[in-house]
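Trainee: I am new to this structure. Please take me through its pockets, cavities and surface, one question at a time.

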Amino acid sequence: MRPQIPLCNSTMCQRMCMGTFVMALVANWVFGCAIPMNIVALVTIVILGIGMLGTMSHLGKPGRFLGALRNPTSHLSLEMLTCIPVGICYLIIGANGLLYTMPEAAMTVLEVIGLIASVAFIWVTALAYRMKARPAWDNVFTPLNFMLTFLSGGAFGSLFAAVLADGAAPVGLLVTTIVLFVAATACQLFFTYFVSRVGYRIDVAPFGPETRGVYSAWLILGVVVPIIGLATAFALVDFWPLFAIVMVSYAISLALWQAFFFIAGKEVWFFPQYEKDLSPAYY
Amino acid sequence: MSYPEEYKVPQLAPEDYENYWREDVQATGKPKQYTLLIDLDKCIGCKACQVACKIENDVDNGVFWTQVQSMGPVGEFPNLDYFYFPKQCQHCADPLCVTVCPTKATYKTDDGIVLVDKDLCFGCQYCIWACPYGVRTKNPNTGMVEKCVLCAHRDHEHGEMPACVVSCEGNCRYFGDINNPNTQIAKYYAAHADRAMKVHDQFGTKPSVIYLKPRKGASKL
């Protein structure tokens with residue numbers, strides 16, 4: 001199917017920002033960073049809001065947006081439902097230190113709720129794409145890709161935040177980022193292999209005419225640049241422009257990857273044993 | 001590359017064909033399942049059904065609720081395959097579009113017809129993605145999703161047929177309640193059940209529309 005540009009944009013915003021929130025918490029709790037979570041939450045809300053506006057722009061009747069809460073069997077409804085605790089947590093955490101000062105214990109509880117809600121949101125978003133009509137999406141790589149790119153993107157974001165907050169990126173966080181990045185990239189490459197052999201006459205060659213540009217751009221921005229960045233990061237742990245460049249590059253690559261994901265999500269042919277597709281003739 | 005085997009007519013015993021369709025649709029518990037039976041042996045590709053549907057339902061330009069597509073010619077003379085395939089909503093017994101619709105705009109009536117409530121649809125197109133048959137369209141003018149409604153506004157109870165059935169020049173379309181063995185559609189199905197074919201049955205949607213394979217021109221079906 002055609003890449004849904006507003007959804008590519010909102011996916012990028014969700015994975016980078018919510019991922020940064022989750023991984024910043026991990027950085028603070030595990031690696032002793034002092035990333036200000038209120039700033040992270042505020043930035044996340046603003047960028048998520050931009051993403052949400054993009055999502056609404058692809059609706060035919062955006063004014064009926066709240067109607068999406070009606071059907072709990074629909075993963076889109078579940079997305080909306082999980083969005084509510086995410087938004088509430090981020091708002092309360094974001095206002096802490098600006099409008100009021102909450103006790104540390106209460107903040108920790110809110111952060112944990114925010115973490116769980118963020119993971120739940122990304123999970124139901126991934127499940128929304130698992131539909132039998134599009135065999136390239138109906139496999140384990142879809143939720144794995146969503147979760148791993150969410151964590152990997154967040155790791156890059158938290159690295160940048162840690163350098164800004166503490167002056168240097170902790171080695172433990174660097175190693176974690178490398179592990180998550182390798183896992184996410186491996187999963188994306190497995191998905192690439194899978195969609196090139198999915199059958200039903202809807203195989204997608206990554207360097208074929210319809211995906212060559214998007215896939216090549218993803219390889220450069222999402223694989224090559226992060227590899228170079230992570231390789232030099234150990235020597236430049238306090239050089240924030242490096243981490244900024246890698247983070248932005250990875251963020252853009254998420255949108256490109258989502259575009260490739262959409263193109264790969266072709267509908268099955270009516271009769272794949274024939275060489276003419278009777279599927280949608282009008283779009 | 002492997003193709004699904006489900007397009008082959010199942011090797012059932014003759015006494016099992018009669019229930020082949022009804023078991024699926026009766027499992028939904030709906031009292032009726034109005035549906036279509038399309039005998040591909042008789043479709044001549046005139047597209048009268050396509051035009052009649054447009055007129056009857058005032059369908060917008062660029063939007064199609066039913067389409068007749070041609071498959072072929074494929075193969076080498078003299079072994080050529082060529083048939084016409086009328087395509088519209090399959091009014092599935094277990095429709096994926098109903099499951100995924102976040103606003104519950106898409107719903108299945110007690111008559112078995114799948115409809116879209118235009119007061120609720122907000123045009124997210126999720127149902128279009130989920131439908132394995134590609135029979136739903138987003139109307140660019142209204143921003144909402146549209147599809148075949150089996151002319152639900154007509155009085156089916158008293159024998160009024162959908163416009164596509166009435167206009168069919170080849171008499172290939174039959175309409176009625178498949179659950180009722182006394183209807184014309186049920187009797188025609190029983191008489192030709194060995195050619196009955198479900199499309200993409202492997203996705204579990206239980207399509208209610210019955211296609212009868214053409215005797216010639218579709219050797220791979």
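Mentor: On a 1 Å grid over the protein atoms alone, a pocket is an open set of points with protein on both sides within 12 Å along at least five of seven lines, a cavity is a set where a 1.4 Å probe fits but cannot get out, and lining residues have an atom within 4 Å of a point. The model is predicted, so local features need pLDDT of at least 70 and side-chain atom pairs pLDDT 80 or more, while totals for chains, interfaces and linings use all residues. Residues are numbered from 1 along each chain as its sequence is written, chains are lettered from A in the order in which they are written, and side-chain values use heavy atoms without hydrogens or water.

Trainee: How much space lies in the largest pocket?
Mentor: A volume is the space filled by probe spheres set on the grid points, which are joined across faces, edges and corners. For the largest pocket this comes to about 660 Å³.

Trainee: Which residues that line the largest pocket are the closest to its centre?
Mentor: The lining has 32 residues. The closest to the centre are A:Gln14, A:Met52, A:Thr55, A:Glu79 and A:Phe121.

Trainee: Which element gives the most to the lining of the largest pocket?
Mentor: Helices are DSSP runs (H or I, at least four residues), numbered from the N terminus. Helix H5 (126-130) of chain B is among the elements that give two or more residues. With eight residues, the most is given by H3(A).

Trainee: What is the volume of the largest cavity?
Mentor: The structure holds four cavities of 30 Å³ or more. Among the 16 residues that line the largest one, B:Cys101, B:Thr106, B:Cys121, B:Cys124 and B:Cys127 lie nearest its centre. Its volume is about 100 Å³.

Trainee: Is A:Tyr200 buried or exposed?
Mentor: A:Tyr200 lies in the loop between helix H6 (171-195) and helix H7 (212-233) of chain A, and its phi is positive, near 60°. Buried means under 20% relative accessible area, exposed over 50%, and partly exposed in between, with a 1.4 Å probe and protein chains only. A:Tyr200 has 17%, so it is buried.

Trainee: What is the relative accessible area of B:Cys151?
Mentor: B:Cys151 also has a positive phi, about 45°, although it is not a glycine. B:Cys151 is buried, and its relative accessible area is 5%.

Trainee: Which residues does a cis peptide bond with omega of about 5° join at B:Pro78?
Mentor: B:Pro78 lies in a loop of chain B. The cis bond there joins B:Phe77 and B:Pro78.
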